Amino acid sequence: PPYRRPRRRGRSPFAPPDFFRLLNDGAPVWRAGANVSTRLRTDAPLVFGETTVQPAEYTVFIDLLPGEWTLILSTWPAQTIYDQNDRNQLWGAYHYMPYKDVVRVPMTLRRMPYSFDQLSWQFLDVTDSGGRLSILWDDWIAWVDFELEEP
């Protein structure tokens, strides 16, 4: 997915007490990247939980709660150049509202025995029938399983 990749730079991005405020930077959800809204483009229908996501480009957000993260795919268009007066497209997650959400699905969240300095989105365990959409940063990995919709 197109996204900017923040770095740890010695910080602990998920450390208490106020990491939610820092990552969200005043927005209601995390843009799961840096600056421009993170985007996912799919050419095939993907099934997350009970919801089929049709081929298109979606903005990606994560609703962060302690120990509980929710992946959000939305039809909000992303601003590629910041325009504070544009309320029809989002810069990061500022002015995000959930009415354009296509799917909200709980993420599996685990600590890893190693650390990623730079945030990374990855497709893991991919097969002909599906896989995992994963985010790795610091010593955390969070993912959602997806299936490819059968033709």
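Guide: Let us begin with aromatic rings: two rings of Phe, Tyr or Trp count as a pair if their centres lie within 6.5 Å. In this predicted model, ring pairs link Trp 30, Trp 69 and Trp 137 into a cluster.

Visitor: How many aromatic pairs does the structure hold?

Guide: There are eight aromatic pairs. In one of them, the planes of Trp 30 and Trp 69 stand at 80° with the ring centres 6.3 Å apart, so this pair is edge-to-face. Trp 30 belongs to the loop between helix H1 (19–24) and strand S1 (38–42), whereas Trp 69 belongs to strand S5 (residues 68–74); the pair therefore ties together parts that are 39 residues apart in sequence.

Visitor: Is Trp 30 buried or exposed?

Guide: A residue is called buried when its relative accessible area is under 20%. Trp 30, at 2%, is buried, and Trp 69, at 4%, is buried as well.

Visitor: What is the arrangement of the rings of Phe 123 and Phe 146?

Guide: Their planes meet at 85° and their centres are 5.9 Å apart, so this pair is edge-to-face. Phe 123 lies in strand S7 (residues 108–124) and Phe 146 in strand S8 (residues 130–148), so parts 23 residues apart in sequence are tied together. Phe 123 is partly exposed, with a relative accessible area of 38%, while Phe 146 is buried, at 8%.

Visitor: Which residues have the most contacts inside the largest nonpolar core?

Guide: A nonpolar core joins buried residues through side-chain atoms within 4.5 Å. The largest has 25 residues, and those with the most contacts inside it include Trp 30, Trp 69, Phe 48 and Trp 121. Its largest share, six residues, is supplied by S8. Another core, of eight residues, lies apart from it and has Val 29, Ile 72, Trp 76 and Tyr 96 among its members. As for Trp 76, Lys 100 lies over the face of its ring, at 4.3 Å from the ring centre.

Visitor: In what order do the four strands of the open sheet stand?

Guide: The order is S3-S2-S8-S7, with antiparallel pairing. Strand S3 (51–53) and S7 are at the edges with a single partner strand each, so one side of each has no neighbour in the sheet. From one strand to the next, the twist averages 55°. Within this sheet, S2 and S8 pair over two bridges; the bridge partner of Leu 46 in S8 is Leu 148.

How values were computed: Residues numbered from 1 in each chain as written. Predicted model: local features only at pLDDT ≥ 70, side-chain atom pairs only at ≥ 80, totals over all residues. Heavy atoms only, no water. Phe/Tyr/Trp six-rings, centres within 6.5 Å; stacked < 30°, edge-to-face > 60°. Buried < 20%, exposed > 50% of the residue type's maximum accessible area, 1.4 Å probe, protein only. Lys NZ or Arg CZ within 6 Å of the ring centre and 35° of its normal. Pairing = 2+ DSSP bridges. Axes fitted to C-alpha atoms, helices over the stretch in contact; angles between N-to-C directions.
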